[in-house]
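Please keep the sequence and the model in view while reading.

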Amino acid sequence: MKESSEQERRLGDLERELTLLSRHFIASRGPRIGQSLDRSAYVLLTRLETGEPLTLKELAHTFQADVSTINRQVSAMLRQGLVERIPDPAGGVARRFRPTPSGLERLEADRAISRAGAARLIEAAGWTEEKTQQFLTLMVEFNHGIEQLEGPA
């Protein structure tokens, strides 16, 4: 019984710390001054820049969201010129989406603001490069484990 209560305490601590990390990271970016992308566009562009163009269904699967939600988000991104619709190179009927040069440029500009926020957090924590690298290594390992549980990312 003791082991179970210790595990519960640890999981409670982890949940709280992850919540705080998320809040601190978002807050570290400061007001959205200078940022041009909303959160959904930022996340979708981050995924689309890493590989081949994806369909709405593939994006919905990746983000575990309804196709209708992804469709609304991608439609807004199309109107803003952040992504473009292209035919399936394999000849399928579904259209695929990829970032436009403008979308990638705006993503990089917002990402620079986000990186500056992360740098402020690391500096505030007083971490060395070694400790920062350890944290990064653990976060990568943690995220890969989650991807194994949830399926392809």
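In which loop is Thr100 found? Thr100 lies in the loop between strand 2 (96-99) and helix 5 (101-125). The model is a predicted one, in which local features need pLDDT of at least 70, side-chain atom pairs count only at pLDDT 80 or more, and totals for chains, interfaces and linings use all residues. Residues are numbered from 1 along each chain as its sequence is written, and side-chain values use heavy atoms, with hydrogens and water left out.

**Overall fold**

The chain contains six helices and two strands, where helices (H or I, at least four residues) and strands (E, at least two) are DSSP runs numbered from the N terminus. Along the sequence, these elements follow the pattern α-α-α-α-β-β-α-α. The C-alpha atoms fill a box of roughly 55 × 40 × 25 Å along the principal axes. The radius of gyration of the chain is 19 Å, whereas a compact globule of 153 residues would have a value near 15 Å; the radius is taken over C-alpha atoms, and the globule rule is 2.2 Å times the number of residues to the power 0.38. Of the 153 residues, 21% count as buried, a class defined as under 20% relative accessible area, with exposed over 50% and partly exposed in between (1.4 Å probe, protein chains only).

**Packing around helix 2**

Helix 2 (residues 39-48) packs against helix 3 (residues 56-63) and against helix 4. Axes are lines fitted to C-alpha atoms, for helices over the stretch in contact, and angles run from 0 to 180 degrees between N-to-C directions.

| Helix pair | Axis separation | Angle |
|---|---|---|
| Helix 2 and helix 3 | within 12 Å | roughly 110 degrees |
| Helix 2 and helix 4 | 10 Å | about 90 degrees |

Helix 2 and helix 3 are therefore roughly perpendicular, a term for angles of 65 to 115 degrees. Val43, Leu44, Arg47 and Leu48 of helix 2 meet Leu59, Thr62 and Phe63 of helix 3, contact meaning heavy atoms within 4.5 Å. By class, this contact of helix 2 with helix 3 has five nonpolar, one polar and one charged residues. Ala, Val, Leu, Ile, Met, Phe, Trp, Tyr, Cys and Pro count as nonpolar, Asp, Glu, Lys and Arg as charged, and the others, Gly among them, as polar.

Helix 2 packs against helix 4 at an angle of about 90 degrees, which makes helix 2 roughly perpendicular to helix 4. Ser40, Ala41, Leu44 and Leu45 of helix 2 form this contact with Ile70, Gln73, Val74 and Met77 of helix 4. By class, the contact of helix 2 with helix 4 has six nonpolar, two polar and no charged residues.

The buried residues of helix 2 are Ser40, Ala41, Tyr42, Leu44, Leu45 and Leu48. Their cover includes helix 3, helix 4, strand 1 (83-86), strand 2 and helix 5.

**Individual residues**

Thr100 counts as buried, at 11% relative accessibility. Not counting residues up to four places away in sequence, Thr100 touches Gly81, Leu82, Val83 and Glu84.

Leu78 belongs to helix 4 and is partly exposed, with a relative accessible area of 24%. With the exclusion of residues up to four places away in sequence, Leu78 touches Val83, Glu84, Arg85 and Phe97.

Gln64 sits in the loop between helix 3 and helix 4 (67-79). Gln64 has a phi near 50 degrees, a positive value in a residue other than glycine, and counts as exposed at 56% relative accessibility.

Key. Parallel < 35°, antiparallel > 145°, perpendicular 65-115°, else oblique.
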